[in-house]
Amino acid sequence: MVNIRLTTQLLLMSLALASASFGLKPPKASLLELVSPQTFHTISGLRRLPVEFFNHYQNLTILNLAQDLYRDQDTRLPSTDDLQCLADLQTLAKDVSTAKVWALKMIDSWGTLPSGILYGNLIDLGNFDECLGIEHSVTTSHSVQGKYCLARIALAPSISPLLSLKTAVCFPASCSAAHMDTMLRKLFQNLLNLELNPEVPLVRDDTCKTADREPYDGLTIFTIVVLSILATLMVLATLYDYLLCQDKKSLNVWIKAFSARANCRVLFRLVDTRSNPNVIDCIHGIRCLSFIWVVYGHVYLVYVFGPNMNYVDLDKWRKSAYSMLLQHAAYSVDTFFFLSGLLMVVIALRAMERTKGKLNVPLMYLHRYLRLTPVLALAIIVYMKILPLMGDGPLFGKVNFDDYSKCERTWYWTLLYVQNYATHEICIGHSWYLAVDMQLYIIAPLLLIALFKWKRKAAAAIFVIMLILAACLFSMMVIKNISSIAQTHDAMKKIYFSAHTRASPYLIGILFGYFLHVNRGKSFKLNPLAVLLGWLISLALLFTCLFSVFGYAKTSDTPPILEEAFYLTFTRIAWPLALCWVVFACMQGYGGLANSFLSSPLWQPLSKLSYSAYIFHMFIESLTGGLTRTNTWFSDYQVMLRFWGDFGFTLLLAFVVYILVEAPLGNLESLWLPTKKPHLPAAEQLKSKSVERTPPVPPLKNKLPLPEDESRSSFK
């Protein structure tokens, strides 16, 4: 979804942070103007919180503590858990006074009230591992363990709760979040003489962690077993291939399907096809650069959710020209829709010419489903069950923009590719693109048959359909006042996740693919002025999409809904139109340095890994962000450092998924399904690995070898 201040996700990068996602305008006043000077002066004068806490509670007995905790609850008697918490607190207070090491560690692990509050440093993470490492034996049957929580202190009623101060506290594990909340609330009332809002808890259960881990459930064990079986098959097949097979051509096809050696040959094979004028080599580079743009944009989003100590600088960053490249990273999804439509038509029409217009539609759908679903199904259970086992930290599970626990309720919608319409709780957030692309793919046979039978008349009809859908998007935004900025009327689901509002780039790709099909083998002779004009118009469209609303970003103003509707509607047409020239120029020899860069064979391995890398890149980013132990500094350079680490490990994980799941199951699918299938082939059929493992198709004149599966990349 394109946003005028700008993409919906990147609104979170303004000073208002996530408050923008609730439809709130970012505060234009500084934090000093929003916080009471007296409150700020009192807070800044406090000693370390654990010192204040134990100074207040150290001389109280269990009876005094119980009376203090339940003073307002005369009808309630302390439970066994309450008494255990109070007993552990008394033990802790006594050992603090005698300077026992374990008790001092509990104090030492607390966070402080952060310095630089007025600069946006709103969190102190304390020492997570020191707190969780505490285990003091009181009796043979009971030990005092540490429980780490984040206490949240509201700066002022006028500020979003998401901009509250947060500091780490460490209590005995026998104490619940409610116990901690009650004691801290009374402590702050005593220190600040301030009545805190009882409806806003200081400590919540979801911020608390202990060293105890839940035992593996059945699904976790099942996932580990399945991965172990696949790894075992891969190792055995690879050893057989490497040690016992002298001639790779005589290798059994079932062993070859799982052999990492055979699959790596396919993955890293570089094919130079520049001698064929019909080859669209530049699509490798376009796909890979768009995927890098995806990962880079998501790294920014995850980084913003982290414990940054300079949130004030986010507002300055949002107003910079460089930030437009990140705030508009959602254009990468339009790139992939365009490539999807282009590749589908070019490949399918060639196949239909060979079969005289016949399409085996059921087999077409089955092929597509089997290609995409195994990796996606694995991702669901890996994100849901394996990611929590990979590490822990004070912010683990809190610094990504997906809650993967939703998968327990909505996983089946994802495997049916209808999650963008069927639910508000998408299991893996960035999988929405696969749903939209699958839905567009389902209607593709109608368009293909029309193009094959009625040719230009059908192309004209598709063009009209594209205009009608664009008009529907525009009118829906204006009439129903659906804004992608204020998130009104379920904007994400209606104008970002829905297939009918994302169809324009796909249909333009279909029309351009039909143009290439009709003119295959034809060489276009353009004079230098026409080439220059083509590049100028293309670059003007691209830069207009990226920077035309820069003025709104600089002033933080919200554009009228009419302007936003015009911008969103026309940019979804302008962006793929600009790409049409880029592809055409590169194919016809007018690409120059752009073609040399985009058509480099070095892009081919990354292009083959792009699907697995896209599906699992948020695994790495969520893991990296969740392992954060200290405050971070937000800057473009710091985010770029994070990006290269995340991108490298994403490729490594994608390689593992490729040789364990994607390539073996893709090989088996090619063995099981008919090899001569007159259906709409996905671009995967032209993968070099498919050429190696399946019987060759009779050569076609001017056959167009194309890169990877057009559906395998996206941007949330």
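The protein chain exposes about 30,400 Å², and 64% of that comes from carbon and sulfur atoms. Keep in mind that this is a predicted model. Of the chain's 716 residues, 56% count as buried. On the secondary-structure side, you get 29 helices and five strands.

**Packing and core**

- If you look at contacts with a separation of 6 or more, 80% of them are between residues 24 or more positions apart.
- The largest nonpolar core has 193 residues, and Leu 184 and Phe 616 are the ones that touch the most other members.
- Leaving out residues up to four places away in sequence, Leu 184 touches Phe 53, Trp 110, Ala 151, Val 169, Phe 171, Leu 202 and Val 203.
- There's also a second, separate core of eight residues, with Met 476, Met 477, Ile 482 and Leu 568 among them.
- As background, nonpolar side chains tend to be buried together in soluble globular proteins.

**A buried serine**

- Ser 610 sits in helix α27, which covers residues 603–626.
- Its relative accessibility is 2%, so Ser 610 counts as buried, given that the cut-off is under 20%.
- The side chain of Ser 610 reaches the backbone oxygen of Ser 607 at 2.7 Å.

**Salt bridges**

- Searching the whole structure turns up 18 salt bridges.
- One of them pairs Arg 204 with Asp 206, with the closest N and O atoms 3.2 Å apart.
- Both ends of that pair are partly exposed: Arg 204 has 32% relative accessibility, and Asp 206 has a relative accessible area of 39%.
- Lys 209 and Asp 392 form another salt bridge, and here the closest N and O atoms are 3.6 Å apart.
- That pair links distant parts of the chain, 183 residues apart: Lys 209 is in strand β5 (residues 209–210), while Asp 392 is in the loop between α16 (361–386) and α17 (407–415).
- Lys 209 and Asp 392 are both buried.
- Arg 368 and Asp 437 meet through their side chains in a salt bridge, at 2.4 Å from N to O.
- Arg 368 belongs to helix α16 and Asp 437 to helix α19 (residues 432–454), so this pair ties together parts that are 69 residues apart in sequence.
- Arg 368 and Asp 437 are buried too.

Conventions. Residues are numbered from 1 along each chain as its sequence is written. This is a predicted model: local features need pLDDT of at least 70, side-chain atom pairs count only at pLDDT 80 or more; totals for chains, interfaces and linings use all residues. Side-chain values use heavy atoms; hydrogens and water are left out. A nonpolar core is a set of buried Ala, Val, Leu, Ile, Met, Phe, Trp, Tyr and Cys residues joined through side-chain atoms within 4.5 Å. Buried means under 20% relative accessible area, exposed over 50%, partly exposed in between (1.4 Å probe, protein chains only). Contact means heavy atoms within 4.5 Å. Helices (H or I, at least four residues) and strands (E, at least two) are DSSP runs, numbered from the N terminus. Accessible areas come from the Shrake-Rupley method with a 1.4 Å probe; for residues, only the protein chains shown count as cover. A polar contact is a pair of N or O atoms within 3.5 Å; within protein, one must be able to donate a hydrogen and the other to accept it, and residues adjacent in sequence count only if both atoms are side-chain atoms. A salt bridge is a side-chain nitrogen of Lys or Arg within 4 Å of a carboxyl oxygen of Asp or Glu.
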